[in-house]
Amino acid sequence: MNADTTGPHVVVAGGGITGLAAAHRLALAGHRVTLLEAGPRLGGKLLAGEIAGAPVDLGAESLLARRPEAVALARAVGLGDRLQAPATTTASVWSRGELVPMPKGHVMGVPGDAHAVEGLLSEEGVRRIALDGEQPPTEIGEDIAIGAYVADRMGHEVVDRLVEPLLGGVYAGDAYRISMRAAVPALFEAARKHPTLTAAVRAVQQAGAAVPADAAGAATGLGGSVFLGVDGGVGTLPAAVADAIRAAGGEILTDAPVTALRRTGPTGWQVVSGDRVLAADAVVVATPAGPAAALLAAHAPAAAAELDAVAYASMALVTLAFRRSDMPALAGSGFLVPPVDGHTIKASTFSSQKWRWVTDGAPDLFVLRTSVGRHGEEDQVHREDADLVAASLKDLAAATGLTARPVATTVTRWLGGLPQYPVGHLARVARVREAVAALPGLRIAGAAYDGVGVPACIASAHRAADEIIATSKRADPGAGHSR
Ligand SMILES: Cc1cc2nc3c(=O)[nH]c(=O)nc-3n(C[C@H](O)[C@H](O)[C@H](O)COP(=O)(O)OP(=O)(O)OC[C@H]3O[C@@H](n4cnc5c(N)ncnc54)[C@H](O)[C@@H]3O)c2cc1C
């Protein structure tokens with residue numbers, strides 16, 4: 001351990017990107033950090049792997065670059081040169097048996113102009129959108145399910161064929177239950193101010209257009225891309241962050257589940273992991289909601305009960321490698337699948353077409369992946385590997401005409417992959433945070449709170465770390481020092 005890490009000792013529970021980002025921030029601020037990860041590897045839902053010798057992401061694969069956090073962290077740990085814009089971002093929707101280009105000019109599937117969705121929606125569906133302008137404003141209150149609200153304003157078809165598949169990609173959830181306030185906050189705020197949903201969408205679009213090309217794109221020549229990948233995989237980010245933590249004097253242990261937290265005195269903690277008991281001045285709990293609930297139960301029972309109630313969706317990713325010479329021409333980066341059409345897969349990403357680094361790693365192969373499983377579809381995820389591969393190939397053949405046999409397949413199951421944000425989620429999170437704030441030195445962070453995307457997770461990690469740093473500075477103005 002570095003000799004100059006003499007600041008307060010902070011233990012971080014959880015070695016996903018949230019825990020790593022928190023530990024990184026704390027270590028750089030001069031705190032002595034120990035990160036305990038329950039499993040044998042770091043990264044949580046970020047996982048780099050390979051198929052037929054080709055490097056691929058087997059978990060999260062792209063970073064929203066409109067927000068600064070993920071791109072900034074990648075740069076801070078030396079991956080700036082490896083950030084890569086997608087080679088193509090044009091996607092389709094597999095709707096009523098046809099691959100239809102994804103309409104332009106929408107906010108999470110909600111169009112600002114009914115004409116934009118012609119070709120994807122039926123004529124009746126397109127006409128129904130226009131009724132938005134003729135209805136009195138819809139009462140939104142403190143929160144509303146995005147599907148219910150959009151269906152009320154513009155009809156069910158736009159929800160079923162656009163909003164639902166897009167949200168399904170992010171949350172693996174049900175648009176008719178997902179909180180608009182939590183999932184699409186800009187649209188929620190605009191919808192509260194404007195009399196129609198169309199006007200709200202346009203306001204969000206105008207605000208977006210007014211934002212200069214994002215700093216990430218501007219600074220790297222990445223063209224202001226909304227999303228960025230990492231050469232070698234977003235799954236290489238955790239190891240790079242871990243290296244930076246160790247270089248700053250932090251310690252990282254795997255196969256070290258935190259099993260209990262005990263208070264010692266007015267501000268101190270003991271962190272129990274098997275036979276190990278670590279004394280800590282502060283603790284960041286960066287696990288999913290279930291384990292966080294177990295750790296908090298003795299100290300903040302109401303918050304623990306709230307966390308225990310956070311539901312998670314499980315999903316499976318089926319990664320398939322084909323001989324490139326066997327492939328038909330496929331358009332764009334992939335396609336989304338509206339659940340109303342009753343297919344097994346909910347999306348497919350043509351990785352070799354979307355990411356240059358995947359093609360460069362295996363020029364003779366064509367790698368793509370499908371995803372299966374939404375919230376409430378656990379059975380799908382637990383089907384045999386061969387079954388999931390066969391179902392994926394069947395849907396791919398129907399959607400794209402692809403009949404080639406893959407040369408390699410990999411099924412990655414993400415049980416408890418994505419927390420669900422139902423109506424009222426943010427109020428729940430506020431109650432949990434309030435209860436946890438009463439526990440000195442304890443902070444929570446992760447995908448269950450302020451957003452499931454990697455940048456949002458990092459933001460919650462930084463918030464937790466910064467609060468601890470601020471408290472320790474107040475307690476001992478000489479403690480901690482920036483590097
Ligand atoms: C298949 C899939 C694809 C995704 N794609 C994208 C994408 O392309 N872009 C994007 O931005 N987001 C994506 N997401 C979402 C994003 O990857 C996750 O929300 C995010 O990585 C969660 O990070 P986390 O650290 O909060 O949680 P996790 O990754 O779940 O990490 C939590 C860690 O805590 C550990 N842990 C649990 N209990 C304990 C304990 N008691 N003690 C110690 N450790 C414990 C776990 O083992 C785990 O390693 C995707 C998610 C999934 C599932």
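Among contacts in the chain (heavy atoms within 4.5 Å) between residues at least 6 apart in sequence, 71% join residues at least 24 apart. The model is predicted: local features need pLDDT of at least 70, side-chain atom pairs count only at pLDDT 80 or more, and totals for chains, interfaces and linings use all residues. Residues are numbered from 1 along each chain as its sequence is written, and side-chain values use heavy atoms, with hydrogens and water left out.

The chain holds 18 helices and 22 strands. Both are DSSP runs numbered from the N terminus: helices are H or I with at least four residues, strands are E with at least two. The radius of gyration, taken over C-alpha atoms, is compared with a globule rule of 2.2 Å times the number of residues to the power 0.38. For 483 residues, a compact globule would have a value near 23 Å, and the chain agrees, with 23 Å. Along the principal axes, the C-alpha atoms fill a box of roughly 70 × 55 × 45 Å.

Of the 483 residues, 55% are buried. Buried means under 20% relative accessible area, exposed over 50%, and partly exposed in between, with a 1.4 Å probe and protein chains only.

The largest nonpolar core has 49 residues. Such a core is a set of buried Ala, Val, Leu, Ile, Met, Phe, Trp, Tyr and Cys residues joined through side-chain atoms within 4.5 Å. Ile 146, Val 150, Leu 187 and Leu 197 touch the most other members. Elements giving two or more residues to this core include helix H4 (146-154), helix H5 (156-171), helix H8 (197-210) and strand S17 (312-323). H5 gives the most, with seven residues. A second, separate core of 47 residues includes Leu 83, Leu 228, Ala 286 and Ile 468. Leaving aside neighbours within four places in sequence, Leu 197 is in contact with residues including Val 110, Asp 132, Tyr 149 and Leu 187.

Two loop residues were also examined. Ser 333 lies between S17 and strand S18 (334-336). Ser 333 is buried, because its relative accessible area is 9%. Beyond neighbours within four places in sequence, its contacts include Thr 88, Ala 91, Ser 348 and Phe 350. Gly 173 sits in the loop between H5 and H6. Gly 173 is buried too, with a relative accessible area of 2%.
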